[in-house]
Amino acid sequence: MNTKKIDFIWMAGGPQGSGVDSSANIFARACCYGGLHVYGKREYSSNIKGLHSYFQIRVSPEKVGAMVDRIDLLCTFDAESLIRHIWEVTPGGGIICDTGVLETKIFSIPTLPPSFQEEFRKNLDEKGLHPETVNDLLSERLKNDVRIYAVPYLDMLKEIGKEVGEEQLSKLTRMINVLTLGVSFGLVNYDKKNVEKAINNIFGKKPSILSMNLLAFNKAYDYAREKFGDTGFKLNTTKTDEERIFLQGTQAVALGKLAGGCRIQAYYPITPAADESEYLEEKQVLENGGAIIVMQTEDEIAAITLATGAALTGVRSATSTSGPGFSLMVEGLGWAGINEVPVVINYYQRGAPATGLPTRHGQDDLRFAIHASHGEFPRIILCSGDIEECFYDAARAFNYAERYQTPVIHLIDKALANSNMSCKMLDPSFVMIERGELLNEADISGKNYRRFEFTDTGISPRLPIGTPGAVFWNTGDEHSETGHITEESTMRTRMLEKRMKKLDTADREIPLEEKIKFFGDEDAPAIIVSWGSPKGAILEAMDMLKKEGYRTGFLQVRMPHPLPKEYITKVLGKTSKKIDIEGNYSGQLAGIIREKTGILMDYFVLKWNGRPMSTDEVYDALLRIMQDKAQIRQVLNGGS
Amino acid sequence: MALKIADYRTQVFNDWCPGCGNFGILTSLQMALVDLQLPPSRVAIFSGIGCHAKLPHFMNTYGIHTLHGRALPFAIGAKLADPGLEVIVHAGDGDGLGIGAGHFVNTGRRNMDMTYIIHDNGVYGLTKGQPSPTLKLGVKTKAIPKPNINEGINPIVLGLATGYTFIARSYCYDVAHLKETIKKAINHKGMALVIIQQCCPTYNDINTKDWYGGEDRRDPATGKPVPRLYKLEETGYDGVVRKQEEVPVKTAAAFTKAFEWGDRIPMGVFYQNELVSTFQERISDRIADYLKMPPSKQVIADREGKSATSIKRLLEELKVT
């Protein structure tokens with residue numbers, strides 16, 4: 001393990017619907033309350049109840065932006081979680097489990113898919129192991145200095161039930177999550193007050209549930225202290241003066257949209273984008289007046305066209321979706337393009353075509369976002385690399401959309417959407433509103449307004465529909481300056497040129513620092529190029545490499561379209577190792593860079609198994625490259 | 001100064017076929033707006049794709065010619081953002097009931113305060129006469145090689161089933177009736193659906209002006225044609241719901257009337273119910289000042305261009321130190 005030993009990695013695993021999320025939420029908050037930083041990664045199946053899910057939390061005294069490939073303390077609700085993650089527990093680490101699962105036969109668990117069982121058995125055979133039960137498996141790990149903390153969940157729950165007068169087992173088993181939290185925090189001897197505060201935050205609105213959970217937590221905590229004593233783990237609180245928040249990616253986007261002035265959001269339910277819309281609807285009435293309207297439509301075609309119709313009135317409007325939804329939206333995108341309507345699409349990528357990997361990560365859709373729709377029109381693609389960027393970009397997307405009167409696609413991914421982290425308080429005072437050439441009644445008084453007037457920049461001053469004293473027309477057909485249908489050859493030539501000119505204008509006007517971020521040394525012998533969520537893992541891996549004496553630079557492409565090609569050419573032209581890192585099969589960004597600059601990357605680090613990149617695997621891949629031991633193409637497959 | 005019909009006309013060359021039923025619809029709409037004295041800048045007309053869809057270009061109002069089947073969601077977006085707009089949506093039968101059927105159904109559920117006008121001629125005109133979703137089973141119009149293999153959708157029944165609170169039928173060549181029907185639809189508080197029986201002289205040689213007018217069946221006594229269309233109002237039919245308890249009875253009556261076709265085709269208001277809350281009212285229940293401060297009137301930036309939206313309380317909720 002190369003990553004910082006000082007960090008503590010905790011994981012809760014259990015069947016979906018068993019409270020994995022709330023236990024992780026409480027764990028993370030409790031750590032935050034103690035002045036620590038957290039980064040959480042959530043993995044779940046396309047299933048409501050029963051299939052495996054887990055939440056991994058990395059706790060660190062410093063801010064962290066990526067996950068690592070180890071578990072220090074694995075907290076299992078059921079046998080499956082234990083089996084799935086047992087080999088990820090680091091030597092010296094611990095496993096919390098139910099005494100009730102010890103005799104469970106490993107290959108008798110129905111929710112473990114045959115392909116997993118086959119792979120698992122193969123791995124055991126390679127190790128020369130032939131365990132039958134969970135207990136056999138645990139005994140093997142004991143040999144690697146992994147500690148086992150078996151706790152009689154059911155007995156403890158019944159005891160709690162007796163105290164509070166609750167006999168219904170189904171109600172009691174809902175507290176397995178808090179029970180295991182109690183054991184976890186007892187083992188690391190963490191300050192109880194912070195955990196109680198976190199439990200209060202999650203269950204505070206339901207007093208009877210709150211008191212029962214507090215009791216369960218305390219019982220389990222005391223049990224662990226008494227039974228297992230000092231375990232060698234210790235999670236210490238630390239003092240901080242920094243004002244911090246704890247949020248997930250979809251919330252950051254939602255907050256950015258509110259600050260950015262978005263007032264109509266249309267969506268159709270889809271994972272993982274829907275969380276954003278639900279949050280917006282819950283918080284729709286704004287604290288200093290006004291409100292955002294959130295419309296759940298009948299499909300994604302209605303979502304984008306509704307947002308586009310709203311944008312015609314001069315209102316900042318958006319839709320939020322993931323790949324399958326965006327596929328449906330494409331005709332609407334084209335209409336907004338040819339009619340020069342500023343509409344924003346927050347696009348949360350997940351893996352694979354069709355339904356693909358509905359709850360898993362991917363970065364497959366960069367090319368699709370750039371090219372979606374028949375015909376040609378300008379668009380702007382903005383890619384966030386971390387949760388804080390999600391906030392500022394979500395707001396900024398509207399500025400680009402309105403200034404250049406064209407659709408803006410804000411590309412996000414599942415890893416960003418469903419990860420959560422602590423970070424410095426966001427600063428909404430950085431959010432500037434640039435509405436571009438937006439006219440009002442006074443501006444057009446006495447003039448013959450033409451919606452698509454030819455101009456040098458390609459930008460025709462825009463008027464909201466409903467403005468008194470004027471009318472105009474839009475059509476999905478090619479049109480004249482007035483917005484009426486035309487099929488005339490000269491008008492078609494000029495009108496498309498006018499629209500496409502806006503892309504040149506955008507390319508010229510948008511400052512480089514909004515399109516690219518560069519980290520490390522520009523003259524380093526190796527330059528990494530990437531976009532989106534791999535950023536966190538790359539930055540941490542670069543730090544680790546630096547300690548080993550390897551200098552690297554990292555070009556984070558935030559705007560792949562229009563691509564800042566001069567700068568990219570300048571930086572990549574000087575380096576001997578050009579490394580592309582992205583979460584897809586074909587190296588889409590590398591392809592775009594080659595198309596626009598002629599530069600071919602020397603190395604590719606790619607991953608498409610539905611899991612985000614971890615610091616460890618990125619580090620390992622980069623180290624191989626730095627030591628000239630790497631193949632041109634390295635495919636990562638980490639994450640369970 | 002009072003608005004005249006010329007104030008609603010544009011100079012755009014009208015390329016509908018000679019005798020097209022759309023001309024009557026266009027004129028009726030313009031006359032209705034004159035009667036209602038609606039300023040052109042307050043009116044936004046949305047259309048889908050097809051012959052009907054060129055209508056906004058001939059109207060001197062805000063005119064949004066959208067995508068095939070999608071006029072409704074575009075229009076809903078505009079109406080939500082600016083509830084002061086008078087939003088009128090035009091669709092064809094293929095447009096609104098084929099490719100856009102999902103939007104038709106779900107718009108009924110919402111009861112937005114808008115008007116939805118479907119030009120129903122039984123054919124896809126602009127692609128040269130294929131059968132549309134309203135063409136009856138077994139009918140063979142001249143451009144199709146074989147009789148229609150699908151049953152036709154009954155748009156009035158579908159409208160009743162999905163929650164439209166005003167449902168009427170009119171006829172493209174009865175300009176006076178159509179004008180009054182459009183006015184009623186615009187004045188209706190809620191989502192109004194107007195089905196217009198429209199003739200397509202080029203591709204529908206079955207449901208022609210002569211057919212609707214009954215030229216093929218003359219009264220032996222007078223020698224005059226016996227029209228197929230008749231006016232519900234003239235039969236004493238009253239589809240207006242005035243009390244909640246009338247809903248089942250009036251709905252059932254409208255259903256029964258909606259199935260009349262062939263020899264006698266009713267036109268007029270089948271059903272109207274203003275007791276149902278509009279979408280605007282439903283939003284106002286959640287957002288008290290929605291109508292006073294709709295999205296289109298909200299100020300989102302201060303003088304220096306900084307965001308005018310406070311998210312302080314929301315950030316406070318997320319605070320952990």
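How many of the twelve residues of H7(A) are buried?

1. The model is predicted: local features need pLDDT of at least 70, side-chain atom pairs count only at pLDDT 80 or more, and totals for chains, interfaces and linings use all residues. Residues are numbered from 1 along each chain as its sequence is written, while chains are lettered from A and ligands numbered from 1 in the order in which they are written.

2. Helix H7 of chain A spans residues 176-187; helices here are DSSP runs of H or I of at least four residues, strands are runs of E of at least two, and both are numbered from the N terminus. Twelve of the twelve residues of H7(A) are buried, a residue being buried if 20 or more other C-beta atoms, placed from the backbone, lie within 10 Å of its own, exposed if 12 or fewer, and partly exposed in between. Among them are A:Asn177, A:Thr180, A:Ser184 and A:Phe185.

3. From first C-alpha to last, H7(A) reaches 16 Å, close to the expected 16 Å, where the expected span is 1.5 Å times one less than the number of residues. A:Asn189, which follows H7(A), has a positive phi near 55°.

4. In chain B, helix H5 (residues 155-162) has buried residues including B:Pro155, B:Ile156 and B:Leu160. Just after H5(B), B:Gly163 takes a positive phi of about 105°.

5. Chain A contains an open sheet of six strands in the order S16-S18-S17-S19-S20-S21, with mixed pairing; two strands pair if DSSP finds at least two bridges between them. S16 (516-520) and S21 (633-636) of chain A are at the edges with a single partner strand each, so one side of each is left without a neighbour in the sheet. The twist from one strand to the next averages 20°.

6. Within this sheet, S17 (residues 526-530) and S18 (residues 552-557) of chain A pair in the parallel sense over five bridges. A:Gln556 in S18(A) is the bridge partner of A:Ser530.

7. Helix H20 (residues 534-547) of chain A packs on the sheet and touches S16, S17, S18 and S19 (577-582), its direction making about 170° with that of S18(A). Axes are lines fitted to C-alpha atoms, for helices over the stretch in contact, and angles run from 0 to 180 degrees between N-to-C directions. Helix H23 (residues 615-626) of chain A lies across S17, S19, S20 (603-607) and S21, running at about 165° to S21(A).

How values were computed
Two residues are in contact if their C-beta atoms, placed from the backbone, lie within 7 Å.
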